There are 2 protein chains.
Amino acid sequence: MPLLSLDWSVEEQQIAHQAFKTAYERELAETLAQVKSAAQTIACSEDLWKLHDFLSAKRHEMDGKYDDRSPMLIFVFADLIKGGWMSLDELNGLDEQKLSKIAALTRM
Amino acid sequence: MPLLSLDWSVEEQQIAHQAFKTAYERELAETLAQVKSAAQTIACSEDLWKLHDFLSAKRHEMDGKYDDRSPMLIFVFADLIKGGWMSLDELNGLDEQKLSKIAALTRM
């Protein structure tokens, strides 16, 4: 069965939305903490542009990663779990087929 | 006499270099203070990307503005004086022709 043709029940969509939102807030919170910490130690132009490079990369990465269109969610969740921003447990309530596909993708 | 054909004595080059360096350090110090201050108040993604936008614009502006090639210095100094990063007094020791050209450019 193709990965992109999975149907999502209303309840599953709610679980997915909440897990997605939690992961985003978790990554954002860590990024805010990193920026606050880095900003306190900047002392020269190299430090300043290094902070700018970090923000450019992070923005590009987060804009691309948090894609909540249903056909992409299986891949997004696998990527978030691999990145440490979500655990598979937070997706409890999704059907077994989706959970096993996500788990398999995290091992690739 | 064309603006770009002005000759710079060794002494004038030293004065220009020092004034240029001082203005750069002054603008950098203010930028560092702005970033440290802004970073302490960021609380959401909009704040974070606003800080990123500020750094992108500042980097582009400073990379373009601080051009220390001799033919450009008259324009660079006029721009720095207009921006508040340098005063005409800091260029004392340059010949009168250069000072009057810079002063004229600051009024444009």
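The two copies meet through the same surface, because 100% of the interface residues of chain B are also interface residues in chain A. Contact here means that the C-beta atoms of two residues, placed from the backbone, lie within 7 Å. This is a predicted model: local features need pLDDT of at least 70, side-chain atom pairs count only at pLDDT 80 or more, and totals for chains, interfaces and linings use all residues. Residues are numbered from 1 along each chain as its sequence is written, while chains are lettered from A and ligands numbered from 1 in the order in which they are written.

**Interface of chains A and B**

- Chain B gives 16 residues to the contact, and chain A gives 16 residues.
- On the side of chain B that touches chain A, the elements giving two or more residues are helix H1 (10-41) and helix H2 (45-65) of chain B.
- H2(B) supplies the largest share of that side, eight residues.
- Helices (H or I, at least four residues) are DSSP runs, numbered from the N terminus.
- By class, the side of chain B that touches chain A has nine nonpolar, five polar and two charged residues.
- Ala, Val, Leu, Ile, Met, Phe, Trp, Tyr, Cys and Pro count as nonpolar; Asp, Glu, Lys and Arg count as charged; the others, Gly among them, count as polar.

**Domains of chain A**

- Chain A is divided into domain 1 (24-29 + 40-66) and domain 2 (67-108), with bounds from an automatic or database domain assignment.
- The C-alpha centres of domain 1 and domain 2 of chain A lie 25 Å apart.
- Their contact takes four residues from domain 1 of chain A and five residues from domain 2 of chain A.
- The side of domain 1 of chain A that touches domain 2 of chain A has one nonpolar, no polar and three charged residues.

**Helices H3 and H4 of chain A**

- In H3(A), A:Ile74, A:Phe75, A:Phe77, A:Ala78, A:Ile81 and A:Lys82 meet A:Lys98, A:Lys101, A:Ile102, A:Leu105 and A:Thr106 in H4(A).
- The residues of this contact divide into seven nonpolar, one polar and three charged.
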